[in-house]
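Today I opened a new model to look at its ligand site and its salt bridges. My notes are below.

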Amino acid sequence: MTDSIFVEALMRLDKAFKFSDINQEALEKLKYPKAILQVSIPLRRDNGSLQIFTGYRVHHNDIRGPTKGGIRYHPNVTLEEVKALAFWMTIKCSVIGIPFGGAKGGITVDPKQLSRLEIERLSRSYIDSIKNFIGPDKDIPAPDVYTNAMIMGWMMDEYSKISGQYTPAVITGKPIPLGGSQGREDATGRGAFICIQELRKKKNWKSQEIRVAIQGFGNAGQHIAQLLYDAGYKIVAISDSQGGIFRPEGFDVPSIIHIKNNSKKIQAVYCTNSVCESIEATNITNEELLELDVDLLIPAALENQITKDNAAKIKAPIIVEIANGPTTLEAEVILIKNGKMIIPDVLANAGGVVTSYFEWVQNKAGYYWTLEQVHQRLQEIMVREFLAVYQLMESHKTDMRTAAYIHALNRHVEAVLAQGTESYFDGT
Ligand code: NAD
């Protein structure tokens, strides 16, 4: 992770600025996070020793509503990274038109080195450290890399104990019996799937002819793989942090998910009734996966995967960014020059935060929706905003990320103007 990730993230603003309605003052404000909290989190290890971990929570901007953003557990978490992720959340909530600002949190920890009990104690301890910084009308966390529904449940429980009242709306991505929403689990993948299906209509693709490579096979990666597979797309390559597999004929995605969730490994298998047999496939590295000759490349792992060093070798004409920030600025210049289209993270992975918004609304109302209602409302929002961004891309003859940022800035500035501007206050 470079120190410049936040600075680099902000540079995307400047490109969109000239096409948008935002003024210089409002743009300037977006370059500074509203508040930053760094905490030292004590954890009693199973062997009785005490270990201190560093955690963060950043509020980026809250003009459009309480801040919202996930919590990441990863050894490479830094303040710079959390600031960049919080900034992207502000842009994403604005692109997609939900009434939230941006935030993010994280702990610098390798959760694979902790027992489940230790992860529970760490999660509760983190909430204890940030309790005054979050709240259902202030800042609402959610899952991100290496955190999941169960961890969100523990965090909600801890916050409820501290505040002395059941407070499900303080966190989203919870298990359904603890106030979670139907449809939250696969929402990020589903949102990306809706974008791909809209693009398919525009390009007149036949899904059976589309070869897909997916980097990262956690929550987001598995669900996009399953949804595309169900719709007839050919998933020819899959990887996780250990490496990947490639098979030009495509994989039986349910089998790969079954084995990954049982053995924690990606293996080329075909399963019948939980009995799995190996099938022929080539083992590939994560770097090789990115450079495969496929139609759709889906980075669904971490930031900075497509860089100036490998951008020229990317063959896929379309890149769908489910991960946050997988393409660096320098890489993007090369990709665009080579005619590649990128459905940017702030649009492609927004299905997660949209359904988190639905969860928050349901928690506040105490009235819960059916899966069909969640799917139908997610579909409506994703299609509407995808088409709006697409239209801006065409009318400004620009790339899709710049179009998404123009869309976000235009919406953001409506809120800024509603609070009064320099010219309003000086009477001009
Ligand atoms: P996850 O923890 O469920 O899965 C992460 C996956 O990435 C795992 O399969 C892991 O093995 C793999 N991975 C880690 N390092 C890797 C590497 N160097 N190369 C290849 N694979 C690697 O996380 P997730 O929730 O699926 O999140 C994945 C990405 O999607 C992140 O960038 C996250 O910010 C973004 N995202 C997730 C959500 C959500 O709702 N889960 C929403 C928006 C964006």
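These entries go from the ligand to the charged pairs.

**Ground rules.** I am reading a predicted model, where local features need pLDDT of at least 70, side-chain atom pairs count only at pLDDT 80 or more, and totals for chains, interfaces and linings use all residues. Residues are numbered from 1 along each chain as its sequence is written, and side-chain values use heavy atoms, with hydrogens and water left out.

Next I checked polar contacts (N or O atoms within 3.5 Å). A ligand oxygen is 2.7 Å from a side-chain N or O atom of Thr-188. A ligand oxygen is also 3.1 Å from a polar backbone atom of Gly-218.

**Salt bridges.** I counted a side-chain nitrogen of Lys or Arg within 4 Å of a carboxyl oxygen of Asp or Glu. The count is 31.

Lys-174 pairs with Glu-359, with the closest N and O atoms 2.7 Å apart. Lys-174 is in the loop between helix H5 (149-163) and helix H6 (187-203), and Glu-359 is in helix H12 (residues 351-365), so the pair ties together parts 185 residues apart in sequence. I took helices as DSSP runs (H or I, at least four residues).

Buried or exposed, Lys-174 and Glu-359? Both are buried, meaning under 20% relative accessible area with a 1.4 Å probe, protein chains only.

Definitions and conventions
A polar contact is a pair of N or O atoms within 3.5 Å; within protein, one must be able to donate a hydrogen and the other to accept it, and residues adjacent in sequence count only if both atoms are side-chain atoms. Helices (H or I, at least four residues) and strands (E, at least two) are DSSP runs, numbered from the N terminus. Buried means under 20% relative accessible area, exposed over 50%, partly exposed in between (1.4 Å probe, protein chains only).
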